[in-house]
Amino acid sequence: MNCPYCGKPDTKVIDSRPAEDGYSIRRRRSCDVCGKRFTTYEKVETIPLIVIKKDNTREQYDRGKLERGVLQACYKRPVPAEDIQKAIDDIETKVFSLEEKEIPSSEIGEIVMDRLKELDEVAYVRFASVYREFKDVNTFMDELNKILK
């Protein structure tokens with residue numbers, strides 16, 4: 001690590017600890033040449049994930065879209081915010097653990113539905129009705145019957 005003050009590569013780590021976000025390491029460093037101290041953050045580099053949409057277009061994975069979909073499904077449901085965030089984290093972990101560079105949106109949708117079924121059945125049905133594009137009441141009832149069995 002080069003010193004930001006003098007540019008020399010001779011620095012040493014004085015202290016390491018998890019950062020506040022829990023996903024990176026905060027390192028306190030000292031330059032052996034000029035003696036100044038500075039802080040760096042180390043974070044795991046993730047593989048950029050490409051989502052293949054239904055129309056075969058491709059776009060970069062966006063956690064925000066996942067969050068919006070799950071939050072919308074759980075809207076006005078008695079599900080604690082921390083449980084929703086945990087579900088989103090679980091879904092994202094499962095998606096990235098597949099270690100694919102490209103993943104169909106349908107596969108992500110199935111993972112979301114599996115997790116929502118555990119979280120809240122009404123949220124699951126809401127998400128499924130949009131995701132599976134229910135055309136009529138019979139399709140909706142078929143999905144409800146699956147849950148009731």
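Two strands are taken as paired if DSSP finds at least two bridges between them. On this basis the predicted model contains an open sheet of 3 strands in the order E5-E4-E6, with mixed pairing. Strand E5 (58-60) and strand E6 (102-104) are the edge strands of this sheet; each has a single partner strand, so one side of each is left without a neighbour in the sheet. On average, and with direction ignored, neighbouring strands of the sheet are turned by 30 degrees against each other. The pairing of strand E4 (residues 50-52) with E5 is antiparallel and extends over 3 bridges. Within this pairing, Val51 stands opposite Glu59 in E5. Helix H3 (residues 105-119) lies across E4 and E6 and runs at about 65 degrees to E6.

A further open sheet of 3 strands has the order E1-E2-E3, and its pairing is antiparallel. E1 and E3 are its edge strands, each pairing on one side only. Here, too, neighbouring strands are turned by 30 degrees against each other on average, direction ignored.

Strand E1 (residues 11-18) and strand E2 (residues 24-31) run antiparallel and are joined by 7 bridges. Val13 stands opposite Arg29 in E2, Asp15 faces Arg28 in E2, and Pro18 is placed opposite Ile25 in E2. E1 and E2 form a hairpin, with 5 residues between the two strands. In the turn of this hairpin, Gly22 has a positive phi of about 80 degrees.

E2 is also joined by 7 bridges to strand E3 (residues 37-43), and this pair runs antiparallel. Arg26 stands opposite Tyr41 in E3. E2 and E3 likewise form a hairpin with 5 residues between them. The turn of the E2-E3 hairpin contains Gly35, which has a positive phi of about 85 degrees.

The packing of the helices is considered next. Two packed helices are described by the angle between their axes and the distance between the axes. For helix H1 (residues 63-73) and helix H4 (residues 121-131), the axes come within 8 Å and cross at roughly 120 degrees. H1 is therefore oblique to H4. The contact brings Gly69, Gln72 and Ala73 in H1 against Ala123, Arg126 and Phe127 in H4. By class, the contact of H1 with H4 comprises 3 nonpolar, 2 polar and 1 charged residues.

The largest nonpolar core holds 28 residues, of which Val70, Val112 and Leu116 touch the most other members. At least two residues of this core are supplied by each of H1, helix H2 (81-97), H3 and H4. When residues up to four places away in sequence are not counted, Leu116 touches Val70, Ala73, Cys74, Glu121, Ala123, Tyr124 and Phe127. Among these contacts of Leu116, Ala73 in H1 and both Ala123 and Phe127 in H4 also take part in the contact between those two helices.

Most residues other than glycine have a negative phi, and most peptide bonds are trans. Lys76 has a positive phi, near 60 degrees, and is a residue other than glycine. This lysine, Lys76, is located in the loop between H1 and H2. Residues with over 50% relative accessible area are taken as exposed, and Lys76 counts as exposed because its relative accessibility is 69%. Glu99 is not a glycine either, but has a positive phi of about 55 degrees. Its position is in the loop between H2 and E6. With a relative accessible area of 66%, Glu99 is exposed.

The C-alpha atoms of Gly7 and Arg126 are separated by 56 Å, and the two residues are 119 residues apart along the chain. Arg126 is one of the H4 residues that meet H1.

Note on methods: Residues are numbered from 1 along each chain as its sequence is written. This is a predicted model: local features need pLDDT of at least 70, side-chain atom pairs count only at pLDDT 80 or more; totals for chains, interfaces and linings use all residues. Side-chain values use heavy atoms; hydrogens and water are left out. Axes are lines fitted to C-alpha atoms, for helices over the stretch in contact, and angles run from 0 to 180 degrees between N-to-C directions. Helices (H or I, at least four residues) and strands (E, at least two) are DSSP runs, numbered from the N terminus. Angles under 35 degrees count as roughly parallel, over 145 as roughly antiparallel, 65 to 115 as roughly perpendicular and the rest as oblique. Contact means heavy atoms within 4.5 Å. Ala, Val, Leu, Ile, Met, Phe, Trp, Tyr, Cys and Pro count as nonpolar, Asp, Glu, Lys and Arg as charged, and the others, Gly among them, as polar. A nonpolar core is a set of buried Ala, Val, Leu, Ile, Met, Phe, Trp, Tyr and Cys residues joined through side-chain atoms within 4.5 Å. Buried means under 20% relative accessible area, exposed over 50%, partly exposed in between (1.4 Å probe, protein chains only).
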